[in-house]
Amino acid sequence: MVDFQEIARKIDGLSSECTEFLVRICSIPALGPDNNGTGEMAKYQVVKDAVTALNPDLIEEIHAPDERVPDGVRPNLLAVFHGRDNARTLWILSHIDVVPPGEQRLWEHDPFKPEVRDGFISGRGVEDNGQAVVASIFAARAVKETVGFGMNVGLALVSDEETGSLYGLDYILHQRPDLFKPEDLILVPDAGNADGDVIEIAEKHLLHVKFTIKGLQGHASRPDKCRNTLRAAAHFVVELDELLHSKFNSKNTFFNPPESTFEPTRKEANVPNVNTIPGEDVLFFDCRILPDLDPRQVLDEMELVAESVQERFGVQIAVDEFLRSDSPNPTPADAPVVFALAQAVQEIYGVQPRPHGIGGQTVATFFRKRGLYAAVWEKILQMAHAPNERVSVENLIGNTKVFARMMV
């Protein structure tokens, strides 16, 4: 029987190093080209150095070609440490890319100059997904330097999670489907709650829809000669919002929130000046749809609203499926990875986790679509994508202990 207290003391002693490393990697912007960035390579090199310093038994780089970034590739790293039980591997997958900071004025400091204050670390990417990156690396270090691994342990550090994973996990699974086996335990620390008592095993359908509204641009003093797309867009959003929420109003309390959600999000700039009526507007909806509903039905209803608005305002509305990921079968609540994770969380945090579904989609979806059971868990402050994103040092160290407990 392993004395975990030795490992816990080791991790406590690494607290300052964990904090400093999180600050270091989150000082390096890792924005993909879809978010107007240059990719993840600079941050990846720092993460890779930290992993290779642990001398893993196997290390493999599976970089996805992408001509849009200076290095020509989106980097992905997989490292495996052999354990006493070689029959299966505990995989912990984290992503190194981040989302843009958003409006700078809403931040208390430069988003890419993380600050440590009063037991918290703030900066873009510290929660999503820096805390997990650091916790997985330092858990492996603590276990290797003390009692050794109980089973094989794999660390996967991937790119492109924030914009679809086509250059990240999805690419890895197409190139090397042999790396992950049905008997493996797969943990994705990329969603959670403040109590740490939720293990995500199911996700909703994800549907992003792009609407392009075309009318006729002209001078604002002569609206009679124009077809104002912004006015049409405003009516379209309100009508679409009301119809979708009334039409698809079923609830499933296993998920949080329990209903399908339909949110207008991105709106592209139209005319640069006030006295011009816009002749084209582009906007997007983010839809998270309960698994028992068909996303095609949602698209059909969107088309009907578009036709109605077209007729009333004399515009043309194109409805395009921008991104779609249908919900796969959930991970069983009694899967080995859920059981092992629940035990570790209960031991470290003293809470009994419960299986649950979420609205967001994580990279666990890609595993589940291939029949591989994955569990999603973190103890976090739930500030991902928000201004002044932050994590607590207490959670950073606690989560490191949870990962380490599973490793032994």
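Predicted model: local features only at pLDDT ≥ 70, side-chain atom pairs only at ≥ 80, totals over all residues.
Helices and strands here are DSSP runs numbered from the N terminus, a strand needing at least two residues, and with that numbering Asn388 falls in the loop between strand 19 (374-376) and strand 20 (390-392).

**The whole chain.** Begin with everything selected and coloured by secondary structure, which comes to 10 helices and 20 strands in the protein chain. The radius of gyration is 23 Å, close to the 22 Å that the globule rule gives for 408 residues, so the chain is as compact as a globular protein of that length. Along the principal axes, the C-alpha atoms fill a box of roughly 80 × 40 × 40 Å. Buried residues account for 55% of the 408 residues, and among contacts between residues at least 6 apart in sequence, 81% join residues at least 24 apart.

**Helix 3.** Next select residues 41-52, which form helix 3 and reach 16 Å from the first C-alpha to the last. Show the side chains of Met41, Lys43, Tyr44, Val46, Val47 and Val51, which are buried. The buried residues of this helix pack against several elements, among them helix 2 (15-25), helix 4 (126-144) and strand 8 (151-158).

**Two cis peptide bonds.** Most peptide bonds are trans. Now select Asp128 and Asn129, which are joined by a cis peptide bond with omega of about 20°; Asn129 is found in helix 4. Then move to Asn256 and Pro257, where the peptide bond is also cis, with omega near 0°, and where Pro257 is found in the loop between strand 13 (255-256) and strand 14 (261-267).

**Leu341.** Select Leu341 in helix 8 (residues 336-349). Because buried means under 20% relative accessible area, Leu341 counts as buried at 0%. Leaving aside residues up to four places away in sequence, Leu341 touches Leu187, Ile199, Ala375, Trp377, Val402 and Met406. A distance drawn from its C-alpha atom to that of Arg84, 257 residues apart along the chain, comes to 19 Å.

**Two positive phi angles.** Most residues other than glycine have a negative phi. Select Asp118, whose phi is near 55°, in the loop between strand 6 (115-117) and strand 7 (120-122); Asp118 is exposed, with a relative accessible area of 71%. Finish at Asn388, whose phi is near 60°, again a positive value in a residue other than glycine. Is Asn388 buried or exposed? At 15% relative accessibility, Asn388 counts as buried.

Conventions: Residues numbered from 1 in each chain as written. Heavy atoms only, no water. Helix = DSSP H or I, 4+ residues; strand = E, 2+ residues; numbered from the N terminus. Rg over C-alpha atoms; globule rule 2.2 N^0.38 Å. Buried < 20%, exposed > 50% of the residue type's maximum accessible area, 1.4 Å probe, protein only. Contact = heavy atoms within 4.5 Å. Expected span 1.5 Å × (residues − 1).
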